[in-house]
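Me: I am new to this structure. Please walk me through it in short questions and answers.

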Amino acid sequence: PPASQNNEQGSTLRDLLTTTAGKLRLGSTDAGIAFAPVYSTGTASGKSGRTMPNIIDDIIASVVENKIPPNRAPKINVKSEIKDEPKDDKKCIQDDCSKRYSDIQYSWICDKHVLWLRDHKNSNNWKLFKECWKQGRPVLVSGMHKKMNFSLWKAESISLDFGNQQADILNCKDSIISNTNVKEFWDGFEDVSKRQKVKNGETALLKLKDWPSGEDFKTMMPARYEDLLKSLPLPEYCSPEGKLNLASHLPGFFVRPDLGPRLCSAYGVAATKDHDIGTTNLHIEVSDVVNILVYVGIAKGNGVLSKSGVLKKLEEEDLDDLLRKRLKDSSELPGALWHIYAGKDADKIREFLQKIAKEQGLEVLPEHDPIRDQSWYVNKKLRQRLLEEYGVKTCTVIQFLGDAIILPAGALHQV
């Protein structure tokens with residue numbers, strides 16, 4: 001609200017600092033302090049003086065020095081400031097984009113919720129991406145594998161190079177993690193007969209979780225690391241050196257999230273009897289994520305669905321017409337099924353899952369968060385109930401070979 005309506009809530013940063021400045025004592029360690037000092041003011045040698053600027057304190061000191069009476073209305077016309085910004089409205093952005101970005105090949109999928117950039121080579125993609133990203137929407141970029149050295153990402157190639165490594169392997173059905181030889185995982189990647197069996201004789205659904213990750217990825221797989229980096233979509237945003245990749249340019253005193261890259265490999269659900277489980281349960285990432293499908297294996301062996309059987313299972317999903325069209329294209333290879341939810345629906349989904357847990361007789365402890373704990377894969381029946389009982393619609397996306405899915409921080413997803 002404007003300052004004239006609420007003197008305690010200014011409409012500019014200066015007003016905000018002014019209204020709290022009188023309550024602050026610089027360097028205070030009070031629990032109620034509005035801004036904690038960024039740096040300590042002492043030195044390692046014990047000498048007095050400051051080695052580095054105390055940025056937030058300096059800002060506050062400046063505001064205190066030039067204090068504006070809190071009852072003075074700001075001179076900024078807020079409406080005129082934002083008149084040129086696109087409204088937060090789906091129809092507005094789509095109508096506007098069709099005129100302004102006619103040189104970009106794109107479509108809207110999932111009830112206009114996801115932007116699909118169809119030509120990964122278009123150097124203007126980032127301009128349209130920016131408009132979509134402002135609204136916190138997922139983006140799909142197809143064809144990334146055409147820029148990559150495909151031979152590096154084959155299962156047999158990775159097994160040959162790193163089969164003797166040890167890594168954590170997750171059994172997706174019962175969440176049991178074991179440390180084992182990587183070769184065992186890759187041997188069964190496309191040959192079901194070589195996969196581990198669980199107690200009842202069923203084939204295990206295994207996942208090689210985040211192996212390798214971060215600096216280990218760069219050290220272990222330098223050729224693959226370079227191949228991945230040169231093939232990233234929207235490099236202005238996604239590349240570590242991208243001018244608009246804010247996380248990469250944070251000052252050194254910030255604790256950065258793990259920016260990867262990490263390799264995530266899993267067997268397909270199509271080779272299991274239980275199709276109500278996933279390889280990645282519902283969760284939220286703390287940073288924006290780009291996920292590129294670099295390889296799709298075709299499993300062979302008893303009990304595995306044929307390609308037509310897999311396509312039939314996928315067609316049973318609540319799919320966008322454009323995704324159904326891609327499924328019918330023989331040149332496209334589907335590899336992963338995603339269900340994505342907007343961050344604003346997190347509380348409703350959390351409440352829904354706690355309700356389902358109680359219905360199933362599970363203990364619901366107050367300190368347990370079903371999303372943070374990654375303890376649920378929301379199957380088709382539950383997705384329908386979530387829509388009917390809470391009004392939360394699932395955004396279903398099929399990821400084909402070479403597709404990059406870019407998710408904003410806070411978006412819930414399962415795979």
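**Strands, helices and cysteines**

Reply: Strand β3 (residues 139–141) and strand β12 (residues 404–407) run antiparallel and are joined by three bridges. Strands here are DSSP E runs of at least two residues, helices are H or I runs of at least four, and both are numbered from the N terminus. This is a predicted model: local features need pLDDT of at least 70, side-chain atom pairs count only at pLDDT 80 or more, and totals for chains, interfaces and linings use all residues. Residues are numbered from 1 along each chain as its sequence is written, and side-chain values use heavy atoms, with hydrogens and water left out.

Me: Which residue in β12 is the bridge partner of V141?

Reply: Look across from V141 into strand β12. The bridge partner there is A404.

Me: At what angle do the axes of α13 and α14 cross?

Reply: Helix α13 spans residues 346–359 and helix α14 spans residues 380–390. Their contact includes F352 of α13 and L386 of α14. The axes come within 11 Å and cross at roughly 115°.

Me: Is D321 buried or exposed?

Reply: D321 lies in helix α12 (residues 321–327). Buried means under 20% relative accessible area, exposed over 50%, and partly exposed in between (1.4 Å probe, protein chains only). At 63% relative accessibility, D321 is exposed.

Me: How many disulfides are there?

Reply: A disulfide is a pair of cysteine sulfur atoms within 2.5 Å. C395 is in no disulfide, as the nearest cysteine sulfur, that of C110, is 3.0 Å away. By this rule the count is zero.

Me: Why does C395 count as buried?

Reply: The reason is its relative accessibility. C132 also counts as buried, at 0%. For C395 the value is 6%.

Technical notes
Axes are lines fitted to C-alpha atoms, for helices over the stretch in contact, and angles run from 0 to 180 degrees between N-to-C directions. Contact means heavy atoms within 4.5 Å. Two strands pair if DSSP finds at least two bridges between them.
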